[in-house]
Every structure is written in structure tokens, then in C-alpha cells.
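Me: Hey, I've got a protein model to look through and I'm new to this. Can you walk me through it?

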Amino acid sequence: MSDMQPGIDLATRTEALESLLVERGLADAKTVETFIGIYETQVGPMNGAKVVAKAWTDPEYKERLLSDGTAAVAELGFKGPQGEHIVVLENTATEHNVVVCTLCSCYPWPLLGLPPSWYKDSAYRSRVVKEPRAVLAEWGTELGPDVAVKVHDSSSEVRYFILPERPAGTESLSEEELAGLVTRDAMVGVTKVAS
Ligand code: FE
């Protein structure tokens, strides 16, 4: 599979560029450079972390986020390619959700940026479906038998995003401080957020 080859990031970028160029009817090199720059510096897991921190501190926002993810993240200005049809799943003490794209690498770009190489790796894509608990354990996420594990397959129709469980002992933290705790991997569901 081409997933393991170092050229994959280039392929992903090219796909992103094509979407934008087609959408806007533009095709000059400067636009291309600008778009790459945006995904390198302005769009990444820090966006998703803001969504999570807001949901942790604003119950009404959390409700909107879980009922219509696309609209709720757009409230914070996060939209664009691969930001359509976002479905948010909440991880709790009794239910752990994890996301994969078994076909390719569908991923909520406006919230997490471009996917990491492990997400595109064929081993992750096949194993997390067959043996999710074993894969999660390799990430250091040990889940007891009382925790239900659910694997969700992202596609062009639905792009899943995980609302991780808020860690204990973070009651006094501000929304901004909370956002600082949230990691990309927790928003894909392979890890939890540590306090
Ligand atoms: Fe995909």
C-alpha cells in the first residue's frame, strides 16, 4: 500500500489543493502556497481542542455539538474541506469511541488538520476494527471489561470527531487551559486526555 511511503503527505496536500481550486475556480501557484501554509500553521488539532474545551465548560454548546456537529463547530469558525457532515461522539467512563477510515484517510480537517501517518497506515485501519482493545492498549489506553468500545468508520459521508472525557481534577482550569490539555490522539479516540 502507498500508505507507508513518505510521499503520502504530498498526496494528501494535493487532494486538499484540488478541492480548493475547483471550489473557487483558482489555479495559480500563489494560491497553492497559501493553502499549504494554512494547513501547516492555522488549521490543526488546536482547533478541535477549542471545540472540546468549550463543550466541557458550556453544557448547552455540548448539546448542540452532539446533536449537529457541523453546525456547532461552524459557530467557532471551523469549516471547509472535509468539514462537512461532522458527527461528534462523546467518550465517557463507560463508553469509548475510536475513529478510523478503513478505505483511505477521511478525517475532519478543519478540526484536526491533515491526518498523521499512523492514521493512514493500513495496519491501523485494519487492526483497529478487528481488535480495538489491543490497538488501544498499545496506545496506553487500557480499558476495563465494563467499558464498551465502539469503532467508527469515517467516510466522505460522515467524519467522526471524538469529544474526550474531561479529566478529573480540572475543575479550576479555564477554557483556554483546558484546551491546552486536549491532544489530537484523544480527539481520534486512541488515547484519553490526561490532567
Ligand atoms: Fe477515507
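Me: Before anything else, what makes two aromatic rings a pair?
Reply: Rings of Phe, Tyr and Trp, with the six-membered ring taken for Trp, pair if their centres lie within 6.5 Å. Planes under 30 degrees apart count as stacked, over 60 as edge-to-face, and the rest as tilted. Keep in mind that what you're looking at is a predicted model.

Me: OK, how many aromatic pairs are there by this rule?
Reply: The count comes to five aromatic pairs.

Me: Let's take Tyr107 and Tyr119. How far apart are the ring centres, and what kind of pair is it?
Reply: The ring centres of Tyr107 and Tyr119 are 4.9 Å apart, and the planes meet at 55 degrees, so this pair is tilted.

Me: Where do those two sit in the chain?
Reply: Tyr107 is in the loop between strand S2 (95-100) and helix H6 (109-112), while Tyr119 belongs to helix H7 (residues 117-120), so the pair ties together parts that are twelve residues apart in sequence.

Me: And are Tyr107 and Tyr119 buried or exposed?
Reply: Both Tyr107 and Tyr119 are buried.

Me: What about Tyr119 with Tyr124, what sort of pair is that?
Reply: Tilted as well: the ring centres of Tyr119 and Tyr124 are 6.1 Å apart with planes at 35 degrees, so the pair falls in that class. Tyr124 is buried, and so is Tyr119.

Me: Which residues do the ring pairs link into a cluster?
Reply: Tyr107, Trp118, Tyr119, Tyr124 and Trp139 are linked into a cluster by ring pairs.

Me: New topic, holes. How many cavities of 30 Å³ or more are there?
Reply: One cavity of 30 Å³ or more is counted. The largest cavity holds about 40 Å³ of space.

Me: Which residues line the largest cavity?
Reply: The lining is made of Val99, Cys106, Tyr107, Pro108, Leu112, Tyr119, Ser154, Tyr160, Met187 and Val188.

Me: How many of the residues lining the largest cavity are nonpolar, polar or charged?
Reply: Nine are nonpolar, one is polar and none is charged.

Me: And how much space is in the largest pocket?
Reply: About 280 Å³ of space lies in the largest pocket. It is lined by 16 residues, and the closest to the pocket centre are Phe35, Ile38, Tyr39, Lys79 and Pro81.

Me: Which elements give two or more residues to that pocket lining?
Reply: Helix H1 (8-24) and helix H2 (29-41) do. H2 supplies the largest share, with five residues.

Me: How does the lining of the largest pocket divide by residue type, and which domains does it draw on?
Reply: By type, there are eight nonpolar, five polar and three charged residues in the pocket lining. As for domains, at least three residues come from each of domain 1 (10-41) and domain 2 (46-188).

Me: What's the phi of Gln82 like?
Reply: The phi of Gln82 is near 60 degrees, a positive value in a residue other than glycine. Here's some background: most residues other than glycine have a negative phi. Gln82 is in the loop between H5 and S1, and its relative accessible area is 11%, so Gln82 is buried.

Me: And what about the phi of His85?
Reply: His85 isn't a glycine either, and its phi is positive at about 55 degrees. His85 lies in the loop between H5 and S1. With 45% relative accessibility, His85 counts as partly exposed.

Me: Last one: where's Pro167, and is it buried or exposed?
Reply: Pro167 is in the loop between strand S4 (159-163) and helix H10 (175-181). Its relative accessible area is 10%, so Pro167 is buried.

Key. Residues numbered from 1 in each chain as written. Predicted model: local features only at pLDDT ≥ 70, side-chain atom pairs only at ≥ 80, totals over all residues. Heavy atoms only, no water. 1 Å grid on protein atoms, 1.4 Å probe; cavity = no way out; pocket = protein on both sides within 12 Å on 5 of 7 lines; lining within 4 Å. Points joined across faces, edges and corners; volume = space filled by probe spheres on them. Nonpolar A, V, L, I, M, F, W, Y, C, P; charged D, E, K, R; others polar. Helix = DSSP H or I, 4+ residues; strand = E, 2+ residues; numbered from the N terminus. Domains from an automatic or database assignment. Buried < 20%, exposed > 50% of the residue type's maximum accessible area, 1.4 Å probe, protein only.
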